[in-house]
Amino acid sequence: MKLTMRSATDSVLQPSDEVAEALASRSPVVALESTIISHGLPQPRNLEVARELEGVVRAAGAVPATIAVLDGVPRIGLNDVELERIATESGLRKLGQRDLPVAAALKASGATTVSATSFLAARAGIRIFATGGLGGVHRGWTEDQDESADLDTLARTRITVVCAGVKSILDVPATLQRLETRGVSVVGYRTDTFPGFYLHSSGQPIDWRIESPDEAADIMRGQDTLGGRETALIVANPVPEDQQLDPELHDRVLAEALAAAEREGVKGQAITPFLLGYLVNGTAGASLEANLAAVRGNTALAAQIALSWART
C-alpha cells in the first residue's frame, strides 16, 4: 500500500532521494513539520533544532522527512540547503492544508503546519508524524467558532501523530470532545491524563493508555484491519515533569496573556501567535524550553513507533 500511495503522487510531491528509498524499501520514516523552524524559533537556534530533531530520528534507526513547500512544490524530506532556506528565508508563509493548492499554483514557498504536514505525509505514504502540540478548539469558541483546521484534517487522514497534547492556550476539554465527535482515536503514552503541552498534564482524563511503541503500532494495524473512515491516531506523550513549565507560572502568565488579548482585541489567526509570544516573554523563555523538551520526546517516541510499524 505504501508503494502504491507514493507512485500515485510522484508527479505532485517531491520526496528526497533518502525518503524515496526508505519508502520503497518499507524502512521506518518519521514526518516532521517545518513551522517550528520558520515561525516558532529565533535564528540561528531554529536551524540547530531542526538538525537536532532529524538527528534524533536517525539515531533511532529511522529516516527523517521534514516537510515544506518550496517554490510551489511539496518537499517530503529536505536536504541541508533546503533546511537552511526554511530557517533563514524571510517572508515564508505558514501553510495549512487549505493553502497547499494555492501555494502550488502561485509557486509560493512556505512552512507546513500540522494539518498540511499530516496531509502531505499521508499522501507520500508516511504513517508517523512527530510534532509539539496540536491546534484545537479556542477559548470562547461559542462566540467566535474558532477551531483549528488540524482537527478536520485529522478526522479524515490516516496518520499517527505523536504530540504533547494541544496547546495549553486552547479549550482542552472542548478539543477532546471535538476529537471524539470526529472519530479520532486518542491514547495516552504511559499516562491516564491528557498532556498539557508545556505541562505534564492538563488534568483531563483520557480513556486509553498504552505502555510501548509496539502497542501504538498494533493500534495502527487495527485501524487498517477494521477499515472505516480514514481517521488519525493521536499518541499523547507528556513532557517529563522535571522539564515542564512551572504550573503556577504558566497559569499566571496565561491569564495575563488572555486578558491582554481581550484588551487589545486580538482574534482569529492572530490570537495563537499573540498568546504564545506572550508566554515566551512572560516566562523569560521557559515556555519555549518546555516546548522543545516536548518536541524532542515526541520525536524520539515517533521514531520508535516507526520502527515497530516497519516490522509489519
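# Briefing on a predicted protein model

The side chain of R75 forms a polar contact with the side chain of E82, at 2.6 Å. This contact belongs to a predicted model, in which the average pLDDT of the protein is 93.

**Confidence**

- A pLDDT of at least 70 is reached by 94% of the residues.
- Residues 1–9 have a pLDDT below 50, and this stretch has 18 contacts in the model beyond near neighbours in sequence.

**R75 in strand β4**

- R75 belongs to strand β4, which covers residues 73–76.
- Is R75 buried or exposed? Its relative accessibility is 14%, so R75 counts as buried, the limit being under 20%.
- Leaving aside residues up to four places away in sequence, R75 touches Q14, T66, I67, A68, L70 and E82. E82, in this list, is also the partner in the polar contact described above.

**A111 in strand β6**

- A111 is located in strand β6, residues 110–112, and it counts as buried because its relative accessibility is 0%.
- The C-alpha atoms of A111 and L92 are 6.8 Å apart in space, while the two residues are 19 residues apart in sequence.
- Apart from residues up to four places away in sequence, A111 touches S34, T35, S38, H39, R93, K94 and L95.

**Nonpolar cores**

- In soluble globular proteins, nonpolar side chains tend to be buried together.
- The largest nonpolar core of this model has 59 residues, and the members touching the most other members are I76, I126, L134, L154, F194 and I234.
- Which residues does I234 touch, not counting those up to four places away in sequence? They are L134, L154, V161, C163, L179, V184, S185, V186 and V187.
- There is also a second, separate core of 37 residues, with V49, V187, L233 and A306 among its members.

**Helix α13**

- Helix α13 consists of the 12 residues 271–282. At 1.5 Å a residue, the helix should span 16 Å, and this agrees with its end C-alpha atoms, which are 16 Å apart.
- Which residues of α13 are buried? They are I271, L275, L276 and L279. These residues cover an arc of only 120° around the axis, which means that they lie on the same side of α13.
- An α-helix has 3.6 residues a turn, so residues three or four places apart point the same way.
- The buried residues of α13 are covered by elements including α12 (247–264) and α14 (286–310).
- Just after α13, A284 adopts a positive phi of about 55°.

**Backbone features**

- Most residues other than glycine have a negative phi, and most peptide bonds are trans.
- The peptide bond from Q43 to P44 is cis, its omega being near 0°. P44 is in the loop between α3 (35–38) and α4 (45–60).
- K107 is not a glycine, yet it has a positive phi of about 55°. This residue sits in the loop between α6 (100–106) and β6, and K107 counts as exposed because its relative accessibility is 60%, the limit being over 50%.
- F197 is likewise not a glycine and has a positive phi of about 65°. F197 is in the loop between β9 (185–189) and β10 (209–210), and it is buried, with a relative accessible area of 3%.

Definitions and conventions. Residues are numbered from 1 along each chain as its sequence is written. This is a predicted model: local features need pLDDT of at least 70, side-chain atom pairs count only at pLDDT 80 or more; totals for chains, interfaces and linings use all residues. Side-chain values use heavy atoms; hydrogens and water are left out. A nonpolar core is a set of buried Ala, Val, Leu, Ile, Met, Phe, Trp, Tyr and Cys residues joined through side-chain atoms within 4.5 Å. Buried means under 20% relative accessible area, exposed over 50%, partly exposed in between (1.4 Å probe, protein chains only). Contact means heavy atoms within 4.5 Å. Helices (H or I, at least four residues) and strands (E, at least two) are DSSP runs, numbered from the N terminus. The expected span of a helix is 1.5 Å times one less than its number of residues. The arc is that of the directions from the helix axis to the C-beta atoms. A polar contact is a pair of N or O atoms within 3.5 Å; within protein, one must be able to donate a hydrogen and the other to accept it, and residues adjacent in sequence count only if both atoms are side-chain atoms. pLDDT is the predictor's confidence in each residue, from 0 to 100.
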